[in-house]
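Here are some notes to read beside the model, written for someone new to looking at structures. Please keep the sequence and the 3D view open while going through the points.

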Amino acid sequence: MSKVRIGLIGAGAITRKHLDVIADIGWIEAVGITSRTRSKAEHIAQEYEIPVCSKDVESLIKEVRPDALMVLVSVEQTYQVVTTLLPYKLPLFLEKPPGLIPDETKTLAELAQAHSVQTMVGFNRRFYSVFRKGLDVIRDKGPLLGVSVDGHERFWKIKDSLSDTKRSNWIYANSTHTIDLLRFFGGEPSNIHAVAHNYIEKNGDQFAATMDLDSGAIGRYNAHWYSPGGWGAILYGDGVTVEFKPLENGTWTDKQFKTHEITPDEVDQKYKPGFYEQMKAFGEMVVNGDLPWPGQDLAASYKTMQLTEKISIGSP
């Protein structure tokens, strides 16, 4: 089949991670790149043998006529860039979050629908091979009974490096990675009970929530940004418990309390975990017109933003 021709917008470190897997997949190719900082785009174009480095998005689209675009800019720029791109009606991949507040994501989802644009938002952890294998372990024994996610942010280490906008919206800018796992593992939430406290950050830095998930499992979320910890998730099943801590590593424990390792696929050891299968899913969406599970478009991503908002403000 003919290759899927991708234009890239943005030339940061994350762009290289995507280009690494594009080179390995083979049937997807990067045909052009542009960035607000032209020198950075030129350097990456030379490094990865991208044939065209354009001065801006409009020039990129005219010069290379890509099949799809990838938006790999900073979180503060994503909303404006995507708003500009949607009228071109090209399939879009964008890094999360699509908006720094839920209303921005909602607006983008509505615009994508109005312009009939296929979208994919980069929640790469949905594509972790250890998650797929852990769910298989649970389902082999029976139903999923519970999902517990820790989203501790180690905020004292990074807060001073963040802009005021990013710092005040960090739960959307970054914590959506962990909050989204509740929906990924257990399905859509309901009956949400949440508590949020602000020890230092005015918009909260301590969060706890319980909820029903439509798989039948109980969902729990716990985050203390100023306490040593990290990201992790635990799945509870019938006679089996699966744990991911850190998220990239997995183990499962049986009824005899024997622990078994979950080995990630080779591509998750070679590249940034989840990126290889995520890129394949994007390419398949461009070719077939449908985004395969567990990928999320803008409309689905808005559901994660809504859940995040409920957790961030606490129950009334």
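1. Tyr199 counts as exposed, with a relative accessibility of 58%, where exposed means over 50% relative accessible area and buried under 20%, computed with a 1.4 Å probe on protein chains only. The model is a predicted one, in which local features need pLDDT of at least 70 and side-chain atom pairs count only at pLDDT 80 or more, while totals for chains, interfaces and linings use all residues. Residues are numbered from 1 along each chain as its sequence is written, and side-chain values use heavy atoms, leaving out hydrogens and water.

2. The structure holds 14 aromatic pairs, a pair being rings of Phe, Tyr or Trp (its six-membered ring) with centres within 6.5 Å, called stacked if the planes are under 30 degrees apart, edge-to-face if over 60 and tilted otherwise. Phe184 and Trp293 make a stacked pair, with 5.5 Å from centre to centre and 15 degrees between the planes. Within this pair, Phe184 is buried at a relative accessible area of 6%, whereas Trp293 is exposed at 58%.

3. Tyr199 and Tyr226 form an edge-to-face pair, 6.0 Å centre to centre with 70 degrees between the planes.

4. Tyr128, Phe131, Phe184, Phe185, Phe244 and Trp293 belong to one aromatic cluster.
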